[in-house]
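Please keep the sequence and the model in view while reading.

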Amino acid sequence: MRKLIYLAVILTSGILSSCKKDHKNTFTALNLVQDSIYYYEKEDYLWFDAIPDYNTFNPRSYGGSSNLGALTNELTAISQLKINPATGKPYEYSLLSPGTAKYSFIDNGTETASLNGTDDDFGFEPIYITNNDLRVKYVNPGSPADLAGIKRGYQITSINGNTDLSYDGTTVNFVINSVYYSTNIKMVLTKYDGTTLTVNLNTTAYTVNPVLNYKVFDLGNGHKVGYMAFGSFTALANAQPQLNTAFNYFIGNGVNDLVVDIRYNGGGAGETAEYLDDLIVPASKSSTLMYTTYYNSNLQNNNYPLLAKKYSLSTDEFKPANNQTNFAKALSLSLNRVFFIVTDETASSSELTINNLRPEMDIELIGDTTYGKPVGEIPIPISNYTLYSPQLYVENSANQGDYYTGMAPGTAAYPGLLAADDVTKDFGDSTEMLLAHALNFVKNGTYSITAPKIQSLTSKQGFSIYQSKAVNRNLNIHKFKGMVFADKIKNPRK
């Protein structure tokens, strides 16, 4: 996978004739996009078999306050059709927002640009750790927030002159609009030492560096721990140089244990997840099976007329036997074990990275149960939008893959420790609780907190863990959670 290749919508003359004859003689541009979503989902969606016929589903019946809203409502309806027998709920069931699509969404261009390594924003994300304590969750290197001196863990005490930032429905909308839908923001923040920082930021385009921080801890007695905070799986061309810099530093410093901090990493390019696995996996596993990709029965049985109109596809291209990826050891880092720091925002390509390594080496998870997304997407451009919807699912070399409800640290399947996020410290601070757990385990053979119990940072404020997740979901609802395999279909027709 070396570049993002997008599928273009092809409404063949036959489809257009069918639309005119069987549907409506008059139609809008929105209607055509709605039809295209329906037909692509009916052909390529992983759970296509639950979608009824055109007239029963009636894609043009879905409305909204905008065209994007109408398309989102249509896709949401499709996403809730297929029921997972293991849970009795839709495969795309969202615990914090039932009735919405957990995986599928329509992008207006923002996420596609971000995956390629370009953002145009302030470069930070906020998070509530109590109902009256708003913090900086992370800062992208090279962004306006980074250049202004903002650090993860700083407390935000004023936004655009508003000092009452205690959480309620009105306040959270004010924060969202100020951070994500404005081009300028003025903030006052309290730093670690209690002093204040006043900044005035403008949105600016910048190149994303997915490696947020990396360093080495020498714990004595031959224990050298590498730490890397990895923010997103941008396209490999963007991520590989940054990953190589960090891992060469680990090699040069004799690292033998590794902590990969992906607590807020919602995924991205599958090719980058593969490369990160190749950097971590033992050299003895090179050329062995990493994972297998599975498509729906339409694609496996060569029944894909829409894709075939645009792409030169080989017979049986979607068969599992033709979609196996092997490890190819990159660089020379040799590890005793790897710890992954995770939360409920750890999703998709992040989970793929973990799942691929589970049968191959000692893996420990520290933090909260992950998002739960063992499925991936090939982005499909339709008019001015891009459709992201599951067309495939993955299993590792041990045929493990059905983690729809997430990976739970401290369980038999996922050894480690269930523990709360600590948003009061910067990435790489040895006193930050989740990192401290990993360092303590390497040094002493046990975690600092032995009982698999989340220690609530907010219990004294009457702000439960569930409430905290629900609140902060509203703050990061825009954030991409995906496992994109844009190179799985190649050779576009001229």
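M228 touches V211, N213, Y214, L243, A246, F247, F250, V259, V260, D261 and L276, leaving aside residues up to four places away in sequence; contact here means heavy atoms within 4.5 Å. M228 belongs to the largest nonpolar core, which has 77 residues, and is among the members that touch the most others, together with L243, F247, L276, I280 and F340. Apart from this core lies another one of 24 residues, including L212, L417, V423 and L435. A nonpolar core is a set of buried Ala, Val, Leu, Ile, Met, Phe, Trp, Tyr and Cys residues joined through side-chain atoms within 4.5 Å. Buried means under 20% relative accessible area, exposed over 50%, and partly exposed in between (1.4 Å probe, protein chains only). In soluble globular proteins, nonpolar side chains tend to be buried together.

The model is predicted: local features need pLDDT of at least 70, and side-chain atom pairs count only at pLDDT 80 or more, whereas totals for chains, interfaces and linings use all residues. Residues are numbered from 1 along each chain as its sequence is written, and side-chain values use heavy atoms, with hydrogens and water left out.

The chain as a whole comes next. Of its 494 residues, 54% are buried. Among contacts between residues at least 6 apart in sequence, 74% join residues at least 24 apart. The chain contains 14 helices and 24 strands, which are DSSP runs numbered from the N terminus (helices H or I, at least four residues; strands E, at least two).

Which strands form the mixed sheet? Six strands build this open sheet, in the order β11-β12-β13-β17-β18-β23; two strands pair if DSSP finds at least two bridges between them. The twist from one strand to the next averages 20°. Within the sheet, β13 (residues 257-261) and β17 (residues 337-342) are parallel and share five bridges, with D261 standing opposite I341 in β17. Helix α8 (residues 236-252) packs on the sheet, touching β11, β12 (223-230) and β13, and its direction makes about 10° with that of β11. Helix α12 also packs there, touching β17 and β18 (363-367), at about 155° to the direction of β17. Axes are lines fitted to C-alpha atoms, for helices over the stretch in contact, and angles run from 0 to 180 degrees between N-to-C directions.

Helix α12 (residues 349-357) is mostly covered, with nine of its nine residues buried. In the loop between β17 and α12 is S348, a residue other than glycine with a positive phi, near 60°. S348 is buried, at a relative accessible area of 0%. Phi is also positive in L331, near 55°. L331 is found in the loop between β16 (324-326) and β17, and counts as partly exposed at 36% relative accessibility.

A further open sheet has five strands in the order β5-β6-β7-β8-β9, with antiparallel pairing. Its edge strands, β5 (124-130) and β9 (196-202), each pair on one side only. Neighbouring strands of this sheet are turned by 40° against each other on average, direction ignored. Two bridges join β6 (residues 133-139) to β7 (residues 155-159), and R135 stands opposite Q155 in β7.
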